[in-house]
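This report walks through a few local features of one protein model. Please keep the structure in view while reading.

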Amino acid sequence: RRRATAEARRARAASRARSTSRGRQREERRAGAPRAGPRGCGLWASSRQTAMRLALPRRSGARAASAGKAPRQCRLLLLRHAESEPVESGGRDIDRPLTPNGVQAAGELAMSLAEGGWGAPDLILCSDSRRTRQTFAAMQAAMPALSDVRTEFMGSFYIVSSLDRETRRHIEDAVCAVADSGEHSEEGCGDCGLRTVWAVGHNKGWSEAASELAGEAVQLVEASAVGLTREADSWEGALRESKGQWGIDAHFFVGGAGSAVEENSGGDGAPNGGDWPLPA
């Protein structure tokens, strides 16, 4: 009887140990801890568990880095397209091409930006009109390194540039959307890797946005650009409550482009019957 009682106790103890081990394994799996995999493959976890473990620390780390980070210089270049042909009868304003002089001026502007320290952007946001695309293509030809820069062509830039007091906020939202995506860095928006951003578009919106950001009148003629800077811990911080907070670092012109400012009153609104002004 004593021997049977002892064996029964040992059996109960072994059963409790197995139950405890199974319970611990279940808890570890719920917590996403790795477990020994089959076929001697070492430690493994499901893809969902792996994603959770990798993503959560990265998000919390990004917030901490942004919160305790020293301000850095954010650089925004607002660039207006080069000289373009007038709209043809029955044609569309968005399809206007550059003139031969405009193509040359765009290449010269690219070289001026490079010499002035603004020729290495991290991101380019460009209106998708024909004249802005051709401006960018001519700049690429003069500065081949631009081909390696992430470039987004945005139909909204063409539309918003004709609206009153909307362009600045729209450019801010477009830049922040990229910064928030964290595609330029593993740290997310707090350190998105963006230092210099180009925004290529049209008047009246581009001159209006530059003036609002700088807190002073800025006129962008064709084939010209203004480089703006602001100290902030992130692009989100630089672009929110930004009116009048950006400093003008440089204003770039191409010789002979000054007369092109007359394009604003040269019939841009005619193709649509004058209902609303078209981008210049």
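## Strand E7 and its neighbours

In this predicted model, strand E7, which spans residues 224-232, is mostly covered, with 8 of its 9 residues buried. On one pairing, E7 and E3 are joined in the antiparallel sense over 9 bridges, and within that pairing Cys74 has Arg230 of E7 as its bridge partner.

E7 also pairs with strand E8, made up of residues 247-252; the two run antiparallel and are joined by 5 bridges. In this pairing Ala225 stands opposite Phe252 of E8. As a general point for reading such pairings, the side chains of a regular strand alternate between the two faces of the sheet.

## The loop between E3 and H3

Between strand E3 (72-80) and helix H3 (100-115) there is a loop, and Arg96 lies in it. Because its relative accessibility is 4%, and the limit for a buried residue is under 20%, Arg96 counts as buried. The side chain of Arg96 is joined to that of Asp93 by a polar contact of 2.8 Å.

## Packing of H3 against H4

Helix H3 packs with helix H4, residues 130-142, at an angle of about 55°, and the axes of the two helices are 8 Å apart; H3 and H4 are therefore oblique to each other. Their crossing is right-handed. On the H3 side the contact is made by Val103, Ala106, Gly107, Leu109, Ala110, Met111 and Leu113, while H4 contributes Thr135, Ala138, Met139 and Ala142.

Terms used:
Residues numbered from 1 in each chain as written. Predicted model: local features only at pLDDT ≥ 70, side-chain atom pairs only at ≥ 80, totals over all residues. Heavy atoms only, no water. Helix = DSSP H or I, 4+ residues; strand = E, 2+ residues; numbered from the N terminus. Buried < 20%, exposed > 50% of the residue type's maximum accessible area, 1.4 Å probe, protein only. Polar contact = N/O pair within 3.5 Å; in protein donor to acceptor, adjacent residues only side chain to side chain. Pairing = 2+ DSSP bridges. Axes fitted to C-alpha atoms, helices over the stretch in contact; angles between N-to-C directions. Parallel < 35°, antiparallel > 145°, perpendicular 65-115°, else oblique. Left-handed = near helix turned anticlockwise from the far one by under 90°. Contact = heavy atoms within 4.5 Å.
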